[in-house]
Amino acid sequence: MMLACQRFVSVVRNSRTLSRHVTTWSPVGAAFNAQQRKVDLFQKNVGLFGVPGLSTPAGFEVAQQRALRETEQLVETACNNPPGALTVETFDQLSDSLCKVADLADFVKVGHPDPAFRDAAEKACINIGTVVERLNTNVELCRSLKNLLDNKEVLDSLDPDTRRVAELFMFDFEISGIHLDESKRGKAVSLNVNLLDLNNEFLNGTHLPNRIEKTALPEHIRHCFSIDGNSIQIGGLHADSPDELVREAAYKIFLFPNSSLLLCLDDLLTCRNELAKLVGYESFAHRALNGTMAKTPETVMKFLELLTDKLSDRTAKDFNLMRDMKMKMNSRSTVLMPWDHSYFSSAVRAERYNIDPSLYSPYFSLGACMEGLNMLFSQLLGVSFQNEQPMAGEVWSEEVRKLAVVHETEGLLGYIYCDFFRRPDKPHQDCHFTIQGGRLKKDGEYQHPVVVLMLSLPPPTRSTPTLLNPGMMENLFHEMGHAMHSMLGRTRYQHVTGTRCSTDFAEVPSILMEFFATDYRVVNQFARHYQTGQPLPKSMVSRLCESKRICGAADTQLQVFYAALDQVYHGKPQNRSTTDILKKMQEKFYGLPYVPNTAWQLRFSHLIGYGAKYYSYLMSRAIASMVWRQCFQKDPFNRDMGERYRREMLAHGGSKEPMLMVEGMLQSSPTLEELVDALVADLDTDSVTCRDDSS
C-alpha cells in the first residue's frame, strides 16, 4: 500500500587541459571529466543524502522509529477525520513517511561500501516492509478510505488525481486481502512476510558463484577463472570469451543446479500463487498485471506469440549467420549452443561493420556524454544540470557526483546523485533508485525528488577521463531517461510520482532515450575526441546503428523467451519442475537447445523485481519506438514536441492510466499488432535514426 514502492542561468563555458591538448567543456562536462574534489574533512557530517542522523549505521534505527511514530499519528488522523481530500492526503503522508526510510535503505543495502551500513539498511527494509503488510490489512484504516469511495457526493468533489490515488490505495488493500476474514487476513500478512525472506534469499543466490575442483577443468583454461586454492570459482557466463571451451565450461558450471535455491524458487512461486488465490485472483500473474498497459496475462502471451510468429524467419536467418560464423572460425562443433549466441552475434557484427568499441571510446568521454545530455534536455525540455559539491557525509563514496536539475522558468526540480564508477563490492549493474519522491506539501512547497543513478564505469585518471564504449553510452542515456521521468513528474502525491507507475510504462522514457543516443544529429552535438576535439565521423555512427540490426531478431527472441518463462512461472501451477518448464519454453520460444544439468532460471534475478512483468521491456520498447518515429524522428530537438512529451507522459507518474498517457502522446491507442510491427520495423528499416534529415 504505502510503498510504490530560481531561473535558469546560461552556462559559462570554461576550458580544461587534458593530456597535451585543450578541449572546451561546460562546467558539467568538466566536472565529470575530472577527479572529484575532496570533501572538506572539517565540515560537519550531514548524514547520507543530507538526512540528519544517517552519519552512522545506527541512524537507520532512529529513522525507523521516527517513521513508526509518524505512522501511528497519521493512521489515527486517517481513521478519525471525516471522508474527503484530507483522507487521501493523510494516506499519502503515511506512504511518504515510510518510503523515505524504505527507499533510501533499499539503495544503501546494495550501494554502500560499508557492510555495517548495508546490514542496517537491510534490517530497515525488512522492518518497514513488515509494517506495510500490517497496514495493508488494517481494517479501520481501510474503512476510512472505503467511506470516502462509497460517498458519491464526496467522491464527485475530488479532483481526478486525488480520486485516482484513492482508488490505487484501495487496490493495495484489496490485493492484500482486506476483504477476507480475520484468520485469512493474518495468513495474507504471513505470506507477504514470508515472501520478503524468500525474495532476499533467491536474489542473493542468483549472484553467488559456483565452485568446482581445479582438476575438473583443462589446465590451459583455468587461468580464465578465479582460482581459490584447489578450487575454481565461476561467477558469470564469460559469454564474450573467444575460447569456446571457456564459454562452455562457464555456462555449464555457473548454471549448474543448486538444490537449495531450486527449493527456494519453488517456495517463492508457490507462496506468490497462494497469496494471489487467497485474495481472489486466478494466478499471481493476474494479480501483478492489474493496472498495467497489458492488463492480463492472456494479453501478454498473445503479444509474445504474435512477436514470435513475426520474428520466426528473421530469427532462423540470424541463427544461420551465427552458425556459419562458428564454422568459419573452425569451431570444435558446428552445432550452435546457447553459450555461442552472444559471442557469434558480436563476431558477425564485427565482421560486417568493423565495430571496434575502442575506436569509439575516445569520442565518448563521460564529460562529453553528460554535456550531450545537458544540451539535449535544455533544447527539448528547458532543463539543465548544475554540478554541486556534496557536503561531508552526504555521499557514500568520494567519487559520487551530485547534480541539481534546474528548469529555465520553474527553478530547481530535484537532485540526481551519480554513482558512476566501479569499486569493490559494488554491484555490476546499471540502475535507477528513487530516494525521495516528489509531492506537494501542506505549506504549498514542493518536495523535490531525489534519485541515484548507478553505473559501473572505469574511474578517470590524472591524464585521461572516463571513456565509454557505445554500449555504456546508451546505458547512460537509458538510466538518465528514468531520472528525468522522476525529475519532471510534478504529481500532487508521492505515491504516484515519477517512476512509481506501471512497470510496462516505466521503461518507456528510458528506452526512448536510447533512440536519441543513436541519432547522429544528437550524437554530433557532443561526441568529440577527448584529445583532439575532432567530432565523431558520421559514418561511424551509421555503421554502429546498422550493426545493431544484425542478429537483432535473435536477440529480441531471447527476450521473448525470458518473458514467456516469467509468465508461465507466475501463471497457474504446472505441477512440473521449474527446469522442465524452462526446457519446454526454451524449445517453443527460443530455438537453441536446452543444456542438460543446467538451471538458467536460478540466475534470473528479474523474477524478483519483475515477477510476471518481464515482458515490460519489449512492450515499452514498442511504445518508445512509436513515440520516436511519430514525434521525434523528424526533429529530435523539437521543443513543442518535448513539451508535449512532458505534458502527456512524464508529468503524471502513475496518477493517470498508462495507456491514456500513450494515447495523449500518439493521438491514438496502439493495437497489439501495431506494437509488434513497431518492434519488427526497428530490425528491418534502413538506419533512419542515424541519418541527418536536414539535407
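## Helix and sheet contacts, close up

**View A. Helix α2 against helix α3.** In α2, the residues Phe60, Ala63, Gln64, Ala67, Glu70, Thr71, Leu74, Val75, Thr77 and Ala78 meet Thr90, Phe91, Gln93, Leu94, Ser97, Leu98, Val101, Leu104, Ala105 and Val108 in α3. Sorted by class, this contact of α2 with α3 has 13 nonpolar, six polar and one charged residues. Contact means heavy atoms within 4.5 Å. Ala, Val, Leu, Ile, Met, Phe, Trp, Tyr, Cys and Pro count as nonpolar, Asp, Glu, Lys and Arg as charged, and the others, Gly among them, as polar. The model is predicted: local features need pLDDT of at least 70 and side-chain atom pairs count only at pLDDT 80 or more, while totals for chains, interfaces and linings use all residues. Residues are numbered from 1 along each chain as its sequence is written, and side-chain values use heavy atoms, with hydrogens and water left out.

The axes of α2 (residues 59–80) and α3 (residues 85–111) come within 8 Å and cross at roughly 160°. That angle makes α2 roughly antiparallel to α3. Angles under 35 degrees count as roughly parallel, over 145 as roughly antiparallel, 65 to 115 as roughly perpendicular and the rest as oblique. Axes are lines fitted to C-alpha atoms, for helices over the stretch in contact, and angles run from 0 to 180 degrees between N-to-C directions. Helices (H or I, at least four residues) and strands (E, at least two) are DSSP runs, numbered from the N terminus. The crossing of α2 and α3 is left-handed; this term applies if the near helix is turned anticlockwise from the far one by less than a right angle, and right-handed if clockwise.

**View B. Helix α3 with helix α4.** Here α3 and α4 (residues 115–135) pack at an angle of about 140°, and their axes are 8 Å apart. The two helices α3 and α4 are therefore oblique to each other. The crossing in which α3 passes α4 is left-handed. From α3, the contact is made by Leu98, Val101, Ala102, Ala105, Asp106, Val108 and Lys109. From α4, Phe117, Arg118, Ala121, Glu122, Ala124, Cys125, Ile128, Val131, Val132 and Leu135 take part. By class, the contact of α3 with α4 has 13 nonpolar, no polar and four charged residues.

**View C. Helix α3 with helix α5.** The axes of α3 and α5 (residues 139–149) come within 10 Å, crossing at roughly 145°. This crossing of α3 and α5 is left-handed. Thr87, Val88, Phe91 and Leu94 of α3 make the contact with Leu141, Ser144, Leu145 and Leu148 of α5. The residues of this contact divide into six nonpolar, two polar and no charged.

View D. Strands of a sheet pair through backbone hydrogen bonds, either parallel or antiparallel. Two strands are called paired if DSSP finds at least two bridges between them. β9 and β12 (residues 450–457) pair in the antiparallel sense over five bridges, and His432 stands opposite Leu453 in β12.

**View E. The three-stranded sheet and helix α9.** This open sheet has the order β3-β5-β4 and antiparallel pairing. β3 (210–213) and β4 (226–228) are the edge strands, each pairing on one side only. Neighbouring strands are turned by 35° against each other on average, direction ignored. β3 and β5 (residues 231–234) pair in the antiparallel sense over four bridges; Asn210 stands opposite Ile234 in β5. Helix α9 packs on the sheet, touching β3 and β5, and its direction makes about 85° with that of β5.

**View F. The salt bridge of Asp340 and Arg247.** The closest N and O atoms of Asp340 and Arg247 are 2.9 Å apart. Asp340 lies in the loop between α12 (297–328) and α13 (341–353) and Arg247 in helix α9 (residues 244–254), so the pair ties together parts that are 93 residues apart in sequence. A salt bridge is a side-chain nitrogen of Lys or Arg within 4 Å of a carboxyl oxygen of Asp or Glu. By this rule the count comes to 38 salt bridges.
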